[in-house]
Amino acid sequence: MAVSMNLYAGRQRKSKVIVGLCWLATALGITILFLILGTLLWNGVGGLSLKVFTEMTPPPGSDGGLLNAIVGSLIMTVLGTLIGTPIGILAGTYMAEYGRHTRLTSVVRFINDILLSAPSIVIGLFVYTVLVAPFGGYSALAGSVALGLLVIPIVVRTTEDMLLLVPNPLREAAAALGMPRSLVIQQVAYKAARAGMITGVLLAIARISGETAPLLFTALGNQFWSMSLTEPMSSLPIVIFKFALSPYADWQKLAWTGALLVTFAVLALSITARWLGSTTGQQK
Amino acid sequence: MVDASAQIETVRPGGMSRTSSDRAAVLSGLRRNDAIFRILTHTAAIAVLGILGSVFVSLAFGSLPALYAFGPGFLYSQSWNPVTDQFGALAPIWGTLVTAIVAMLIAVPIGLGIAIFLTELCPMALRRPIGIAIELLAGVPSIIYGIWGLFVFAPFLQQYVQPALIALFSPIPVLSTIFAGPPLGIGVFTAALILAIMVLPFITAVCRDVFDTVPPVLKESAYGLGCTTWEVMRSIVIPYTRVGVIGGVMLALGRALGETMAVTFVVGNAQRFSASILQPGTTISATIANEFAEATGGLYQSSMIALGLILFVLTFIVLACARLLLRSLDKKAGK
């Protein structure tokens, strides 16, 4: 009896130690999240002023803001979303509606899942070789295409998942009333899956608005105001990258402010997407 | 169903109040739209495959000059000299593998710990907030980790952690080479730590999801037999979900291999091969991010496209394995 009680106490102790380590791991993860957000706020808020939103990126040693970078980021993110979303939705529609059990669908699903986590810098290299090198220059359009390519897999995935959740009797009822297949999809399935599909697009926007690597040698960056799609265009992530690695204190300060803006935008988008996703989940 | 009936209203007048030829016209119009929409979606699905294919082909094509000039030696040559046009991929490949593997060694135990905490130990009220917090950590753009790593984390490591590591391992033969000084703050080790922080949420999220697939009755029986929490995890939950956990780890490894911006900030960007992980190094993605836009000369650019191809193939293999493992788990769960 004494031996087995010892054994039992030993097992309990071992379990307690490991349970303690699990608590520790979680505390560590959450501490890091708050450390990152905390330093970001601490360093970024100081530089936040009206100037950030009204003036151009400055040369070293003088005052300025991030206006051209903010506008550039907005333009390229919107264009990238406009390029990627339709393709993603159509492909997801095929997989969930027309070709649900076909071989093509399972292959596309597999490849799409790989594209979902493929290194974004490789997408940048790809766009460089097909859109920058042959046309002789960096351009905002090339940057938008690179971002669009990153949007596609996210939208494909959520569109397919959400359409698969739509109950078949809905489609059958619509078809029984004489609706053609394409209208059943557009008017019934899309409407039932709308919130989830919007969530996917929001998540995709959140992803690309912080992306730097695919823009490095497609849109390149621009010190000045430019609205031309065929010229290099500035963007927040690129400015952060360049300014943070510079030796100038005022550039570094702007980089922190830019980082705060990007993080805030990305977190706001993903929280909105999550909230939208969870409210529709509860209705079902 | 309001939507569908509204639609019927708009379709109906074509069939009811007009002549039969009108009706035929409307029907053929609908049929045409149907076909167009079907073809559009089909094309888009094939386009997804086309993207992957054309990425591969264009990178392979772009890297031909470098592969032709250096042959297989490109993979194991250490020189990286734009002046003499000599390029070899050993240093970046080595750096990529070392940072990713060290990152996984750190992140996997911690990620598993958090996943166990979330599924077994956490009070119900905290489960959702902590889960969301971990997922938000995954959404933070990599450049933020980079700037934080460079200005906050690297100086901290340089001052407190690295001197301690160097002092701790200096009497031990092999480890003293791996942790050779001086403490610089930035370097391969710092990059690996930042990567570990970045992939932590992925590992946690996947592991939590697969742990949730374990039927409660299995765990309950084990608890009923008097197993401790750890014994239930080790003998029931982890064996049951092993494939999924490995899949999640591979998924995170794929991310770690290709991660660019965070690494570029803190890895030190030195094109050389160093046995000490505290010294500056480089990775494939950091090399491309740093040098590509400035690269002049066909061979220089082509060498970097070849690096990109190597990275793409490497991550493709890792991610494909991850997906296959996770898919087999889905089948097992009957999804």
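Mentor: A residue counts as buried when its relative accessible area is under 20%. Keep that in mind, because this is a predicted model and we will sort its residues by that cut-off.

Trainee: What share of the residues of chain B count as buried?

Mentor: Chain B has 335 residues. Apply the cut-off of under 20% to them. The buried share comes to 50%.

Trainee: How many helices and strands are there in chain B?

Mentor: Follow the chain and count both kinds of element. Chain B holds two strands and 13 helices.

Trainee: Is chain B compact or more spread out than a compact globule?

Mentor: For 335 residues the globule rule gives 20 Å. The radius of gyration of chain B is 27 Å, well over that value. Its C-alpha atoms fill a box of roughly 95 × 70 × 35 Å along the principal axes. The radius exceeds the rule, so chain B is more spread out than a compact globule.

Trainee: Which residue of chain A does Tyr145(B) touch?

Mentor: Leave out residues up to four places away in sequence. Tyr145(B) then touches several residues of chain B, including Leu137(B), Ile194(B) and Met198(B). From chain A, Tyr145(B) touches Ile36(A).

Trainee: Is Ala69(A) buried or exposed?

Mentor: Ala69(A) sits in helix H3 (residues 67-98) of chain A. Beyond its neighbours within four places in sequence, Ala69(A) contacts Ser234(A), Ser235(A), Leu236(A) and Val239(A). Its relative accessibility is 0%, and the cut-off is under 20%. Therefore Ala69(A) counts as buried.

Trainee: Why does Ile317(B) count as partly exposed?

Mentor: Ile317(B) lies in helix H13 of chain B. Buried means under 20% and exposed means over 50%, so partly exposed is the range in between. Ile317(B) falls in that range because its relative accessibility is 48%.

Technical notes:
Residues numbered from 1 in each chain as written. Chains lettered and ligands numbered in written order. Predicted model: local features only at pLDDT ≥ 70, side-chain atom pairs only at ≥ 80, totals over all residues. Heavy atoms only, no water. Helix = DSSP H or I, 4+ residues; strand = E, 2+ residues; numbered from the N terminus. Buried < 20%, exposed > 50% of the residue type's maximum accessible area, 1.4 Å probe, protein only. Rg over C-alpha atoms; globule rule 2.2 N^0.38 Å. Contact = heavy atoms within 4.5 Å.
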